[in-house]
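Please open the structure in your viewer and keep the sequence panel beside it. The tour below moves from one selection to the next and says what is found at each stop.

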Amino acid sequence: MTDPIWLRPESTGVGRPAEHTRADVTAAAIALAEADGFGAVSMRRVAGGLGTGAASLYRYVRSRDELLQLMADAVYLQMRLEPTGRGRRSDLVEVGLEGFRATMTHPWFVDLLADPSFLPSGPGVARLVEYSLSLMADEPLPGPRKMEVIGLSGALVQQFAGLVLRQQLPEQLAAQMAYLAHVAQDGQHPHLAAAFASAPDAATPPHPEEGLGRMLTFFFDGVFGPASR
């Protein structure tokens, strides 16, 4: 196992001083992903964006995976991790929503996280985990289980963001709900009819962020029990 990029000095190469920093390399990679998508990110193209050769990029990162680590960490570091003033359970939901907003801002991020060979690490991830654990400090679960909660809630956010970005979820939900509202009136689906009767606006899909907030609330209430009001 090689040493992580986060545990190495900025430049370990020999010869003339480095012309760029890791921040420069990260910014060039993100600019490429923003313009042409995640699939466009390669060592050669990032080096081209910096005006240098691909071989010189290895002075800053040892592999494309390290480059992706830098990109992901930059997004995690952009996330606002601040109390909502509505209690720690609401703060946990807000962490998930902030991850969703970050993905909507950087659509390539969901493709990066969906790569089965990629597992993010780095200062931004450590910051997110530390903050999330602080919000669960009073919850009666051991540390490893709390780490699993963080992972599962993050996976929920990632999956939902992918649906919104790739499958035009609001439009598809609107079409689905319109059909269900129609068949609810045919006398053959009494439970559907009752559901729509109890919530007249049920045929109107919620804003994605609102729907995700409810799902995260259900998730945390299921894990820890309903929050005290």
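A residue is called buried when its relative accessible area is under 20%, exposed when it is over 50%, and partly exposed in between, using a 1.4 Å probe and protein chains only. The model is a predicted one, in which local features need pLDDT of at least 70 and side-chain atom pairs count only at pLDDT 80 or more, while totals for chains, interfaces and linings use all residues. Residues are numbered from 1 along each chain as its sequence is written, and side-chain values use heavy atoms, with hydrogens and water left out.

Begin by selecting His 20, which lies in the segment before helix 1; helices here are DSSP runs (H or I, at least four residues), numbered from the N terminus. With a relative accessible area of 19%, His 20 is buried. Apart from its neighbours within four places in sequence, His 20 is in contact (heavy atoms within 4.5 Å) with Leu 50 and Tyr 60.

Next, select Leu 57, which, again leaving aside neighbours within four places in sequence, touches Val 25, Met 43, Val 46, Ala 47 and Leu 50. Leu 57 also belongs to the largest nonpolar core, a set of 56 residues in which Val 46, Leu 57 and Trp 108 have the most contacts. Such a core is a set of buried Ala, Val, Leu, Ile, Met, Phe, Trp, Tyr and Cys residues joined through side-chain atoms within 4.5 Å. Several helices each supply at least two residues of this core, among them helix 1 (22-36), helix 2 (43-49), helix 5 (88-105) and helix 6 (108-114). The largest share, eight residues, comes from helix 4.

Now colour helix 4 (residues 64-78) and helix 7 (residues 123-135), whose axes come within 7 Å and cross at roughly 40 degrees. Axes are lines fitted to C-alpha atoms, for helices over the stretch in contact, and angles run from 0 to 180 degrees between N-to-C directions. Helix 4 is therefore oblique to helix 7, given that angles under 35 degrees count as roughly parallel, over 145 as roughly antiparallel, 65 to 115 as roughly perpendicular and the rest as oblique. On the helix 4 side, the contact is made by Asp 73, Tyr 76 and Leu 77, and on the helix 7 side by Pro 123, Gly 124, Val 125, Arg 127 and Leu 128.

Which way does helix 8 run relative to helix 11? The two helices pack at an angle of about 155 degrees, with their axes 11 Å apart, and so helix 8 is roughly antiparallel to helix 11. Among the residues that make this contact are Leu 152, Leu 156 and Phe 160 of helix 8 and Leu 212, Leu 216 and Phe 219 of helix 11.

For the last stop, select His 182, which is found in helix 9 (residues 169-183). Is His 182 buried or exposed? At 56% relative accessibility, His 182 counts as exposed. A distance drawn from His 182 to Ala 193, C-alpha to C-alpha, spans 9.4 Å, and the two are 11 residues apart in sequence.
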